Amino acid sequence: MRRHLCLALLLALVSAIPAAAQQVQVIQGALSDSQTGPLTDQYIYHVQGGDIVVQPGDSLTIQDNVVVKFENGRGFRILGDLTCGGSGTAGVVFTSLADGSIGGGGGGSPAPGDWKGLDIGAAFNIQIRGLE
């Protein structure tokens, strides 16, 4: 009986430990799978100090469950290949750095014009699934 009680207490304590929070990674400039790697759900990405861009001839993958937050006046220029999401069961979120409802921080509400948006230039191949 004592062993079962100890096991139950241990399981309760382990389940009470919160999951590791995602770390923030600040990004800017040129991104590609070959140079910087894909954007994964290991991080919440903050675009600060400059726009992000996929250059002509480059490819970038943004995996499911990724949150990309843009500071005021920053945007995402796509001149190469972009793949967002893979399974369609989870989304990729592009939002304002001021948006406190997802990815932590901000503490406010996003507003129109907070960030420049997506500039899909002469992109060769864009596959977007589960975009919010």
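Is Arg-74 buried, partly exposed or exposed? Arg-74 is partly exposed, at a relative accessible area of 25%, where buried means under 20%, exposed over 50% and partly exposed in between (1.4 Å probe, protein chains only).

This is a predicted model, in which local features need pLDDT of at least 70 and side-chain atom pairs count only at pLDDT 80 or more, while totals for chains, interfaces and linings use all residues. Residues are numbered from 1 along each chain as its sequence is written, and side-chain values use heavy atoms, with hydrogens and water left out.

**Salt bridges**

The term denotes a side-chain nitrogen of Lys or Arg within 4 Å of a carboxyl oxygen of Asp or Glu. By this rule there are three salt bridges.

Select Asp-119 and Arg-77 next; the closest N and O atoms of this salt bridge are 3.4 Å apart. The pair links distant parts of the chain, with Asp-119 in strand 8 and Arg-77 in strand 5, 42 residues apart. Strands (E, at least two residues) are DSSP runs, numbered from the N terminus. Asp-119 is partly exposed at 36% relative accessibility, and Arg-77 is partly exposed at 42%.

Then move to Lys-116 and Asp-51, whose side chains form a salt bridge of 2.6 Å, N to O. Lys-116 lies in the loop between strand 7 (93–96) and strand 8 (117–120) and Asp-51 in strand 2, so the pair ties together parts 65 residues apart in sequence. Lys-116 is exposed at 56%, whereas Asp-51 is partly exposed at 28%.

**Aromatic pairs**

Display Phe-70, Phe-76, Phe-94 and Trp-115, which form one aromatic cluster. Rings of Phe, Tyr and Trp (its six-membered ring) pair if their centres lie within 6.5 Å; planes under 30 degrees apart count as stacked, over 60 as edge-to-face and the rest as tilted. The structure holds four aromatic pairs. The ring centres of Phe-70 and Trp-115 are 4.2 Å apart and the planes at 5 degrees, so this pair is stacked. Phe-70 is buried, at 0% relative accessible area. For Phe-76 and Phe-94, the centres are 5.9 Å apart and the planes at 75 degrees, so the pair is edge-to-face.

**Nonpolar core**

Finally, select Ile-62, Val-68, Phe-76 and Phe-94, the residues with the most contacts inside the largest nonpolar core, which has 18 residues. Such a core is a set of buried Ala, Val, Leu, Ile, Met, Phe, Trp, Tyr and Cys residues joined through side-chain atoms within 4.5 Å. Strand 2 gives the largest share of this core, four residues.
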